[in-house]
Amino acid sequence: MSFQRILKELVETGNNGLASAIMGFDGLPVAKHAAQGVDCDVETIGVEYGKVLDEIKNASAILKLGEVEEVVVSTLGVDVLMRVINSEYFLAFAIGQKANAGKARFLLRKAVSRARDELQA
């Protein structure tokens with residue numbers, strides 16, 4: 001299964017899913033997908049929030065709290081769920097206000113598992 005297919009299925013099955021991207025912690029996008037007619041720059045979201053995710057990972061290590069798995073940023077317009085794939089990559093998933101966040105988190109976990117499998121193939 002390709003990264004593009006994983007991202008497309010995530011956006012299409014997550015009710016009110018807007019866009020998704022697999023990003024490197026170096027800020028480079030691996031793959032991205034946006035819902036039809038949605039103007040959501042998930043690549044820039046991934047770059048900017050990826051910096052925050054990296055800082056949270058560093059803080060967690062310093063505090064000896066364990067590895068960070070997921071971070072959610074909720075805004076008035078869009079929620080961005082980010083889940084770590086491995087030490088080099090993470091998946092960002094943007095959902096609209098009316099989305100079911102619990103379902104989106106579940107679907108994100110499944111997508112990350114499939115992305116890990118794809119990276120190991």
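User: What do the buried residues of H2 pack against?
Analyst: In this predicted model, they pack against five strands: E1 (17–24), E2 (29–34), E3, E4 (78–84) and E5 (89–96).

User: Which residues of H2 are the buried ones?
Analyst: Val42, Gly46, Gly50, Leu53 and Ser60.

User: Where is the kink in H2 centred?
Analyst: On tyrosine 49, and the kink is about 30°.

User: How far apart are the end C-alpha atoms of H2?
Analyst: They are 29 Å apart. H2 runs over residues 42–62, which is 21 residues, so at 1.5 Å a residue it should span 30 Å, and the two values agree.

User: What follows H2?
Analyst: Lysine 64 follows H2, and its phi is positive, near 55°.

User: Switching to H1. Which of its residues are buried?
Analyst: Phe3, Ile6, Leu7, Leu10 and Val11. These residues lie on the same side of H1, because the arc they cover around the axis is only 125°.

User: Why would residues three or four places apart point the same way?
Analyst: Because an α-helix has 3.6 residues a turn.

User: And what do the buried residues of H1 pack against?
Analyst: Strands E1, E2 and E5, plus H3.

User: Which residues have the most contacts inside the largest nonpolar core?
Analyst: Leu10, Ile22, Leu91, Phe93 and Leu108, in a core of 19 residues. Helix H1 (3–13), E5 and helix H3 (101–120) each give two or more residues to this core. H3 gives the most, with six residues.

User: New topic, glutamate 70. Is it buried or exposed?
Analyst: Glutamate 70 is buried, because its relative accessible area is 19% and the cut-off for buried is under 20%. Glutamate 70 lies in strand E3 (residues 70–74).

User: Which side chains does the side chain of glutamate 70 make a polar contact with?
Analyst: One is the side chain of arginine 83, at 3.1 Å. Another is the side chain of arginine 105, at 2.4 Å.

User: What does glutamate 70 touch, not counting residues up to four places away in sequence?
Analyst: Met82, Arg83, Arg105 and Leu108. Leu108 also came up among the residues with the most contacts inside the largest nonpolar core.

Definitions and conventions: Residues numbered from 1 in each chain as written. Predicted model: local features only at pLDDT ≥ 70, side-chain atom pairs only at ≥ 80, totals over all residues. Heavy atoms only, no water. Helix = DSSP H or I, 4+ residues; strand = E, 2+ residues; numbered from the N terminus. Buried < 20%, exposed > 50% of the residue type's maximum accessible area, 1.4 Å probe, protein only. Polar contact = N/O pair within 3.5 Å; in protein donor to acceptor, adjacent residues only side chain to side chain. Contact = heavy atoms within 4.5 Å. Expected span 1.5 Å × (residues − 1). Bend = angle between axes of the 7 residues up to and from the residue. Core = buried A, V, L, I, M, F, W, Y, C linked by side-chain atoms within 4.5 Å. Arc of directions from axis to C-beta.
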